[in-house]
Amino acid sequence: MNKHTATTALAAAFALALSGAALAEDPMSTAPEAETTFEALDGNADGYVVQSEVPMENELYNEFALADQDDDARLNRLEYDQFLNPPEEEEAEE
Ligand SMILES: [Ca+2]
Ligand SMILES: [Ca+2]
């Protein structure tokens, strides 16, 4: 009986070590560099992105007024999301 218990414990420890190794190695954890997130632009983390927080090389800098749909001179997350992924207009007419 003792031998059986020891073997089971050893197997469990081995399985634990394996799953630990699998967790440590996560190739999907690195984010793509190209994407600028709302959080990254919102330098002072007040929940809004103002134009001075946008780098001039970012296309959002020039399109800021366009993205600012309610004209309050700052972008909330929704406005930013819609700038990146504009809701598609359905082309009903042909
Ligand atoms: Ca801000
Ligand atoms: Ca706005």
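Asp-71 sits in the loop between α4 (64-67) and α5 (77-84). Helices here are DSSP runs of H or I with at least four residues, strands are runs of E with at least two, and both are numbered from the N terminus. This is a predicted model, in which local features need pLDDT of at least 70, side-chain atom pairs count only at pLDDT 80 or more, and totals for chains, interfaces and linings use all residues. Residues are numbered from 1 along each chain as its sequence is written, while chains are lettered from A and ligands numbered from 1 in the order in which they are written.

**Overall fold.** The protein has 5 helices and 0 strands. Along the sequence the pattern reads α-α-α-α-α. Of its 94 residues, 7% count as buried. A residue is buried if 20 or more other C-beta atoms lie within 10 Å of its own, exposed if 12 or fewer, and partly exposed in between, with C-beta atoms placed from the backbone. Two residues are in contact if those backbone-placed C-beta atoms lie within 7 Å. Among contacts with a separation of 6 or more, 28% join residues 24 or more positions apart.

Most residues other than glycine have a negative phi. Asp-71 has a positive phi of about 60° and is not a glycine. Ala-45 also has a positive phi, near 55°. Ala-45 lies in the loop between α2 (38-41) and α3 (59-62). Ser-52 is in the loop between α2 and α3.

| Residue | State | Other C-beta atoms within 10 Å |
|---|---|---|
| Ala-45 | exposed | 7 |
| Asp-71 | exposed | 7 |
| Ser-52 | exposed | 8 |

**The core.** The largest nonpolar core has 5 residues: Val-49, Val-54, Phe-64, Leu-75 and Tyr-80. Such a core is a set of buried Ala, Val, Leu, Ile, Met, Phe, Trp, Tyr and Cys residues joined through C-beta atoms within 7 Å. Leu-75 lies in the loop between α4 and α5. Leu-75 counts as buried because 26 C-beta neighbours fall inside 10 Å. Leaving out residues up to four places away in sequence, Leu-75 touches Tyr-48, Val-49, Ala-67, Asp-68 and Tyr-80. Leu-75 and Gln-51 are 24 residues apart in sequence, and their C-alpha atoms are 8.5 Å apart in space. With residues up to four places away again left out, Phe-64 touches Gln-51 and Val-54.
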